[in-house]
Amino acid sequence: MPADPSNPLRFASIPLRFDRVDLDRLNTPVLHGIDWEVGPGERWVMLGPNGSGKTTIFELASGYLHPTRGTVHILGHQLGHVDVRTLREHIGLVSTAVAKKLVPNITATDVVVSAVHGALEPWWHTYSEADRLRARSLLIDAGFDAIVDRQFGVLSDGERQHVLLARALISDPALLLLDEPAAGLDVGGREHLVATLGALARDQASPPAVMITHHVEEIPVGFTHVLLLRRGRVVAAGPLHETLTARNLSDTFGLPLVLEGTDGRWHCRSR
């Protein structure tokens with residue numbers, strides 16, 4: 001049963017649902033009839049070429065856009081019938097858009113702890129010692145104890161992504177959204193992040209998650225489902241090991257591809 005929109009703290013069992021969603025920008029169709037549902041405990045990866053609609057779906061799922069037609073339900077609340085500011089407090093967001101808004105001279109710990117109140121800097125709220133200990137623990141548990149007191153502006157790209165992930169998790173979100181978290185990372189940084197996301201995916205206490213990527217090599221072990229997009233339409237959606245096929249990838253990217261998997265990881269190349 002859908003949650004009561006007047007009580008944004010009550011959530012339905014389905015974290016995310018799109019029903020026949022269209023979205024137009026400047027009278028140009030961007031999304032066409034998107035039907036998609038993220039169930040409890042599911043970890044989705046979203047794949048598609050540039051311009052396929054991934055970012056637009058991400059903005060809808062995080063409550064920063066509204067559909068032109070159709071309905072989007074986030075945590076049981078229909079967009080347009082809920083205060084999205086309150087709703088966003090329960091969505092963990094990892095995005096370069098967030099990173100660009102952060103003050104570079106605050107510490108990694110302050111970046112993480114400021115998310116307790118949905119802030120971008122720690123000066124306007126009071127945080128408990130438990131808040132700060134949890135912020136530091138999230139970084140230390142990911143292997144980044146050396147940066148807890150380091151300024152965010154001097155961190156490497158890989159370190160910043162782990163700080164943003166810790167920031168997204170500190171408030172125990174009901175839904176986790178990751179926008180190309182491995183983009184721009186070197187091999188070491190990518191593999192460290194993918195391993196962290198894999199451990200998170202395998203933790204049954206972790207929230208349902210959706211991750212955008214351009215590369216199958218970045219899919220963490222433990223992710224369960226895939227959504228494939230091309231030109232604003234769904235090519236295929238479903239359980240990862242059934243849906244992520246060479247044929248579906250070829251249809252998605254518009255060229256013949258070979259897909260191989262080893263030990264739960266994937267890679268593809270053109271024929």
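What follows is a short chat about this predicted model.

Q: Okay, how many helices and strands does the protein have?
A: There are nine helices and 12 strands. Keep in mind that this is a predicted model.

Q: And how does its radius of gyration sit against a compact globule?
A: The protein has 18 Å, and a compact globule with 271 residues would be near 18 Å, so the two agree. Along its principal axes, the C-alpha trace spans about 50 × 45 × 35 Å.

Q: What share of the residues counts as buried?
A: That would be 49% of the 271 residues.

Q: What about contacts between residues at least 6 apart in sequence: what share joins residues at least 24 apart?
A: For those contacts, it's 62%.

Q: Let's go inside. Which residues touch the most other members of the largest nonpolar core?
A: Leu 47, Val 163, Ile 219 and Leu 244 do, in a core of 52 residues. Helix α6 (residues 157–169) gives the largest share of this core, six residues. There's also a second, separate core of 28 residues, and its members include Ile 34, Trp 36, Val 38 and Leu 75.

Q: Why would nonpolar residues gather like that?
A: In soluble globular proteins, nonpolar side chains tend to be buried together.

Q: Back to Val 163, what is it in contact with?
A: Skipping neighbours within four places in sequence, Val 163 contacts Ala 108, Val 111, Val 112, Leu 139, Ile 147, Phe 152 and Leu 155.

Q: New topic: where is Ser 206?
A: Ser 206 is in the loop between α7 (187–202) and β8 (209–213).

Q: Is Ser 206 buried or exposed?
A: Buried, because its relative accessibility is 9% and the cut-off for buried is under 20%.

Q: So what does Ser 206 touch?
A: Not counting residues up to four places away in sequence, Ser 206 touches Arg 43 and Leu 200. Its side chain reaches the backbone oxygen of Leu 200 at 2.9 Å.

Q: Last one: which residues are buried in helix α9?
A: In α9 (residues 246–253), Asn 248, Leu 249, Ser 250 and Thr 252 are buried.

Q: And what covers the buried residues of α9?
A: The cover includes the strands β3 (43–47), β9 (225–230), β10 (233–239), β11 (257–262) and β12 (265–270), along with helix α8 (240–243). Just after α9, Gly 254 takes a positive phi of about 75 degrees.

Methods. Residues are numbered from 1 along each chain as its sequence is written. This is a predicted model: local features need pLDDT of at least 70, side-chain atom pairs count only at pLDDT 80 or more; totals for chains, interfaces and linings use all residues. Side-chain values use heavy atoms; hydrogens and water are left out. A nonpolar core is a set of buried Ala, Val, Leu, Ile, Met, Phe, Trp, Tyr and Cys residues joined through side-chain atoms within 4.5 Å. Buried means under 20% relative accessible area, exposed over 50%, partly exposed in between (1.4 Å probe, protein chains only). Helices (H or I, at least four residues) and strands (E, at least two) are DSSP runs, numbered from the N terminus. Contact means heavy atoms within 4.5 Å. A polar contact is a pair of N or O atoms within 3.5 Å; within protein, one must be able to donate a hydrogen and the other to accept it, and residues adjacent in sequence count only if both atoms are side-chain atoms. The radius of gyration is taken over C-alpha atoms; the globule rule is 2.2 Å times the number of residues to the power 0.38.
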